[in-house]
Amino acid sequence: SEQFWLRLAFMILFLVMTEIAITIMLLLVFVQFVFRLFTGRLQAEMFAFSSSLSQFIFQAYRFLSYQTEDKPFPFNDWPSAQPIPDSESSQQD
């Protein structure tokens, strides 16, 4: 049916977007690790972006695996970031 083929097109789109997001996430993980290594704390803006990016990846995989029909960004709002846990924001190494 037309709905089946339309979903396939969205699945391909979100698969490509998710692969790009994972590549960005790996870069963020590395940079955040180096930042933490030298400063002893997390970089807040990078933490916030990686938090929302991980939620986007999760939402995309839920759509790809037929767990939901809700399409992630750009068809819905970008996920909001989680705050830095208190134990991480105040910890000094």
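This tour goes through a predicted model, one selection at a time.

**Stop 1: the main core.** Select A21, M25, L28, M46, L53, F56 and I57. These seven residues form the largest nonpolar core. Helix 1 (2-39) and helix 2 each give two or more residues to this core. Helix 2 supplies the largest share, with four residues.

**Stop 2: L28.** Keep the core on screen and pick out L28, which is one of its members. Which residues does L28 touch, once those up to four places away in sequence are set aside? They are M46, F49, S50 and L53.

Stop 3: Now select M11, F14, F63 and L64. They belong to a second, separate core, which has five residues.

**Stop 4: Y66.** Move on to Y66, in the loop between helix 2 (44-64) and helix 3 (86-89). The phi angle of Y66 is near 65°, a positive value in a residue that is not glycine. How many residues apart in sequence are Y66 and M11? They are 55 residues apart, while their C-alpha atoms lie 9.8 Å from each other in space. M11 was already selected at the previous stop, as part of the second core.

**Stop 5: F73 and P74.** Finish with P74, in the loop between helix 2 and helix 3. Select F73 along with P74 and look at the bond that joins them: it is a cis peptide bond, with omega about 15°.

Notes
Residues are numbered from 1 along each chain as its sequence is written. This is a predicted model: local features need pLDDT of at least 70, side-chain atom pairs count only at pLDDT 80 or more; totals for chains, interfaces and linings use all residues. Side-chain values use heavy atoms; hydrogens and water are left out. A nonpolar core is a set of buried Ala, Val, Leu, Ile, Met, Phe, Trp, Tyr and Cys residues joined through side-chain atoms within 4.5 Å. Buried means under 20% relative accessible area, exposed over 50%, partly exposed in between (1.4 Å probe, protein chains only). Contact means heavy atoms within 4.5 Å.
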